[in-house]
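Dear colleague,

Please find the structure below, placed so that you can follow it while reading. My notes on what was found come directly after it.

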Amino acid sequence: MCVGYVHRVGRAIAVELARSGLGVALTYRTREAECRETARLVVEAGREAGNGLLGASVDQLDLADVAASTAFARTLLARAEGRPLDVVVHNASAYDGHDFAASDGDALARATERAHRVEVLSPLVAAALLAVVLLPSAA
């Protein structure tokens with residue numbers, strides 16, 4: 001599972017995971033076309049590395065919505081069908097170009113709360129739910 005793998009560093013990580021023989025579940029919040037391009041590159045990199053059966057799923061997910069993140073983790077559990085999950089990489093951030101210096105206290109509180117949900121709470125909840133399929137992979 002790769003969260004936040006639309007472009008830049010995230011894309012490079014997803015491609016390297018595919019070269020290493022891992023299938024990849026990608027998510028995006030608003031950049032669907034870029035995420036689908038990342039998925040194409042993941043499949044291509046897997047093929048070039050001799051891992052032609054690997055796939056890349058693409059799902060929309062807003063990590064600021066903790067309930068949606070929880071539901072997505074449960075969806076991944078169902079997709080795994082009891083197979084171990086090798087790695088969960090969280091690369092998403094809540095940076096929105098907000099001018100904190102010019103913000104009032106309420107705007108700063110909203111931006112901070114969103115960042116907490118995206119960068120801490122949703123990944124923590126997802127990791128806790130996915131632990132049952134991550135632990136067997138470590139053995």
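Glu113 and Arg117 both belong to helix H4 and lie four residues apart, about one turn of the helix. Helices here are DSSP runs of H or I with at least four residues, strands are runs of E with at least two, and both are numbered from the N terminus. Glu113 forms a salt bridge with Arg117, with 3.2 Å between the closest N and O atoms. The term salt bridge stands for a side-chain nitrogen of Lys or Arg within 4 Å of a carboxyl oxygen of Asp or Glu. Glu113 counts as partly exposed because its relative accessibility is 39%, and Arg117 counts as partly exposed at 22%. For these labels, buried means under 20% relative accessible area, exposed means over 50%, and partly exposed is in between (1.4 Å probe, protein chains only).

Please note that this is a predicted model, in which local features need pLDDT of at least 70 and side-chain atom pairs count only at pLDDT 80 or more, while totals for chains, interfaces and linings use all residues. Residues are numbered from 1 along each chain as its sequence is written, and side-chain values use heavy atoms, with hydrogens and water left out.

The structure holds eight salt bridges. One of them joins Arg36 to Glu32, whose closest N and O atoms are 3.0 Å apart. Both residues lie in helix H2 (residues 32–48), four residues apart, about one turn of the helix. Arg36 is partly exposed because its relative accessibility is 44%, and Glu32 is partly exposed at 35%.

Which parts of the chain does the salt bridge between Arg114 and Asp62 link? In this bridge the closest N and O atoms are 3.9 Å apart. The pair links distant parts of the chain, with Arg114 in helix H4 (residues 105–138) and Asp62 in the loop between strand E3 (56–60) and helix H3 (66–80), 52 residues apart. Asp62 counts as partly exposed because its relative accessibility is 27%.

Next comes the packing of two helices. Two packed helices are described by the angle between their axes and the distance between the axes. The axes of helix H1 (residues 8–19) and H2 come within 8 Å and cross at roughly 30°. H1 is therefore roughly parallel to H2. The crossing of H1 and H2 is right-handed. Among the residues that make the contact are Ala14, Val15 and Ala18 of H1, together with Leu41, Val42 and Ala45 of H2; contact means heavy atoms within 4.5 Å.For these terms, axes are lines fitted to C-alpha atoms, for helices over the stretch in contact, and angles run from 0 to 180 degrees between N-to-C directions. Angles under 35 degrees count as roughly parallel, over 145 as roughly antiparallel, 65 to 115 as roughly perpendicular and the rest as oblique. A crossing is right-handed if the near helix is turned clockwise from the far one by less than a right angle, and left-handed if anticlockwise.

Thr70 is found in helix H3 and is buried, with a relative accessible area of 14%. Leaving aside residues up to four places away in sequence, Thr70 touches Val125 and Leu129.

Overall, the protein has four helices and four strands, in the order β-α-β-α-β-α-β-α along the sequence.

Yours sincerely
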